Amino acid sequence: MIKRIYICALLALSVFVAGAQTNKSKVSAWQKLGMTERVIAEMYVDSVDETKITEEAIRAMLKQLDPHSQYTNPEETRELNEPLEGNFSGIGVQFNMHNDTLYVIQTIAGGPSERVGILPGDRIIAVNDTVIAGVKMKNSQIMKRLRGVKGSKVNVSVLRKSVPEPLSFTITRDDIPLYSIDASYMIDSKTGYVRLSRFAGTSYKEFMEAVKNLKKEGMKQLIVDLTDNGGGYLNIAIDIANEFLDKDQLIVYTEGRASKRHDEIANGKGSLKDIPVVLLVNQYSASASEILSGALQDWDRAVVVGRRTFGKGLVQRPLPFPDESMIRLTVARYYTPAGRSIQKPYSSGDVEEYSMDIINRYNKGELMHSDSIHFPDSLKVNTLKNSRVIYGGGGIMPDHFVPLDTIQFTKYYRSLVASGCLYQYSIDYVDANRNMLKSQYADVDDFISKFEVDEDMLQSLINKAESDSIKLVSEEFAISKSLISAQLKALIGRDVFGEEAYFKVMNARNDIVKAALDIINDTKQYKKYLQTR
């Protein structure tokens with residue numbers, strides 16, 4: 001049997017080679033690829049994982065195209081899609097690993113875990129008789145055990161403070177929402193603030209709900225925070241942009257070698273066409289964030305504040321395989337209404353160089369000094385309403401530049417963050433004082449106005465860091481002290497009162513937010529940014 005296969009493979013290869021030699025023009029690259037895979041599978045000296053070598057071949061091909069075309073296996077595909085789909089099936093807890101144990105920070109309101117009695121501060125030590133505590137299990141492996149089909153059951157063992165024996169719970173998995181609005185609140189008496197972390201399937205609905213609530217609280221003007229927003233679904237960015245633009249105004253268009261130009265036009269039915277708006281961006285704002293900020297900047301509809309965005313202007317089309325793996329192939333470029341391509345330059349096949357772009361910007365001083373950014377005149381365009389000069393060719397350049405302030409980012413501070421010491425201390429503090437925090441502070445605003453990180457807390461943090469081999473550098477601690485205190489307060493507030501508490505604390509010292517607030521509250525200055533310069 002083996003001999004027969006061997007002979008067949010040789011004959012196939014002989015026919016293939018002979019055919020190629022006889023008529024070279026008929027041999028395509030794809031025939032070569034398929035024949036190579038068959039020959040390896042049938043003739044190679046050792047057994048071969050055909051799936052693995054095929055996947056690696058696909059990845060290698062796509063790598064030669066551009067930095068954003070990619071192949072994902074079934075598991076990777078699910079992990080990529082999940083944050084954008086708006087929900088998953090699981091037990092409904094927000095957790096972190098604390099001392100190699102799953103520590104429940106919060107339970108989702110009305111979710112499966114809350115319904116059976118899981119509490120913030122609980123430690124899940126086993127899932128379906130598999131111990132997950134003290135075994136250095138990766139977060140991804142833990143999530144696989146906790147997530148599953150809606151309606152399925154999972155048994156967990158829990159350690160609870162002040163309860164001597166482990167508690168057992170059977171949790172019925174259910175759909176768990178993934179929210180893309182991190183925070184939404186009135187930052188002053190007339191200014192609403194909305195932080196959008198990604199453009200997911202539910203983001204437009206979430207955004208409009210947030211705006212509706214802010215209007216009820218007296219919102220007359222809006223700050224939309226897109227910093228660190230890496231993008232998501234194109235149609236969601238279009239839907240949100242539509243809320244700000246007039247009828248028949250172009251939002252974005254896409255075009256590629258095999259894709260005809262396709263325009264997205266505002267329908268004029270938006271509910272935010274008349275209120276002043278400022279968009280916040282930074283070097284990590286990408287893709288859909290750039291579509292939204294580019295559209296509003298091109299139409300002189302919003303003041304863009306922050307730092308130059310990432311520069312991703314390539315459109316990927318998902319091409320799924322029957323096994324749930326997927327190719328995301330770049331099929332077009334997108335262009336802002338004024339015709340700007342936001343895609344930054346890249347060399348085919350050099351993904352490493354492309355990924356170093358942000359670091360290179362830092363090293364060149366661009367993140368700290370606006371005059372370090374130079375655009376050639378060939379990239380100059382004008383806005384569509386007031387003919388302001390703007391530039392394409394590598395991200396959205398803000399109307400008002402805010403430098404990255406790294407003065408407080410001392411080596412000691414970076415060590416506290418990188419080691420997880422700062423975060424772990426905040427968990428320990430909340431674990432020991434949760435009841436006091438809940439009873440002493442009525443709500444998040446009460447906490448923010450009254451709670452202070454005192455010297456005893458800072459000394460305890462220093463002692464914890466010492467035990468983790470992070471030696472105190474007094475001069476650096478003094479420089480970073482206010483930043484460390486603010487982050488501790490923000491982390492404690494988040495664990496007790498939710499995500500919004502974190503941003504309320506940190507935004508008070510966020511230079512981009514402060515600049516935006518100054519601009520939007522000064523009508524003359526706001527209008528000046530949108531006028532011809």
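## Basis of the model

A residue is called buried under 20% relative accessible area, exposed over 50% and partly exposed in between, with a 1.4 Å probe and protein chains only. The structure is a predicted model, in which local features need pLDDT of at least 70 and side-chain atom pairs count only at pLDDT 80 or more, while totals for chains, interfaces and linings use all residues. Residues are numbered from 1 along each chain as its sequence is written, and side-chain values use heavy atoms, with hydrogens and water left out.

## Overall architecture

The chain has 19 helices and 21 strands; these are DSSP runs numbered from the N terminus, helices being H or I with at least four residues and strands E with at least two. Along the principal axes, the C-alpha atoms fill a box of roughly 85 × 70 × 50 Å. Of the 533 residues in the chain, 46% are buried. A contact requires heavy atoms within 4.5 Å. Among contacts between residues at least 6 apart in sequence, 69% join residues at least 24 apart.

The chain exposes about 27,000 Å², of which carbon and sulfur atoms supply 52%. Such areas come from the Shrake-Rupley method with a 1.4 Å probe; for residues, only the protein chains shown count as cover. The chain carries 67 positive and 68 negative charges, whose mean positions are 4 Å apart. Lys and Arg count as positive and Asp and Glu as negative, without His and the chain ends; each charge is placed at NZ of Lys, CZ of Arg, CG of Asp or CD of Glu.

## Nonpolar cores

A nonpolar core is a set of buried Ala, Val, Leu, Ile, Met, Phe, Trp, Tyr and Cys residues joined through side-chain atoms within 4.5 Å. The largest one contains 96 residues, and Phe207, Leu222 and Leu296 have the most contacts inside it. Helix α16 (residues 474–497) contributes the largest share of this core, nine residues. A second, separate core has 18 residues, including Val93, Val104, Ile132 and Ile171.

Leaving aside residues up to four places away in sequence, Leu296 touches Ala241, Phe244, Leu245, Val277, Leu279, Arg301 and Ala302. Ala241 is one of the buried residues of helix α8 (residues 234–242), together with Ile236, Ala237, Ile238, Ile240 and Asn242. The buried residues of α8 pack against β11, α7 (203–216), β13 (250–256), β14 (259–265) and α9 (288–298).

## Salt bridges

The structure holds 26 salt bridges, each defined by a side-chain nitrogen of Lys or Arg within 4 Å of a carboxyl oxygen of Asp or Glu. Glu76 pairs with Arg59, their closest N and O atoms being 3.2 Å apart. This pair links distant parts of the chain, with Glu76 in helix α4 (residues 74–85) and Arg59 in helix α3 (residues 50–63), 17 residues apart. Glu76 is partly exposed at 30% relative accessible area, and Arg59 is partly exposed at 26%.

Arg115 and Asp174 form a salt bridge at 3.5 Å, N to O. Arg115 lies in helix α5 (residues 112–116) and Asp174 in strand β9 (residues 174–177), 59 residues apart. Arg115 is exposed at 52%, whereas Asp174 is partly exposed at 23%. In a further pair, Asp182 and Arg195 have their closest N and O atoms 3.4 Å apart. Arg195 is buried, at 8% relative accessibility. Elsewhere, salt bridges that share partners join Arg308, Lys344, Asp357, Arg361 and Glu366 into one network.
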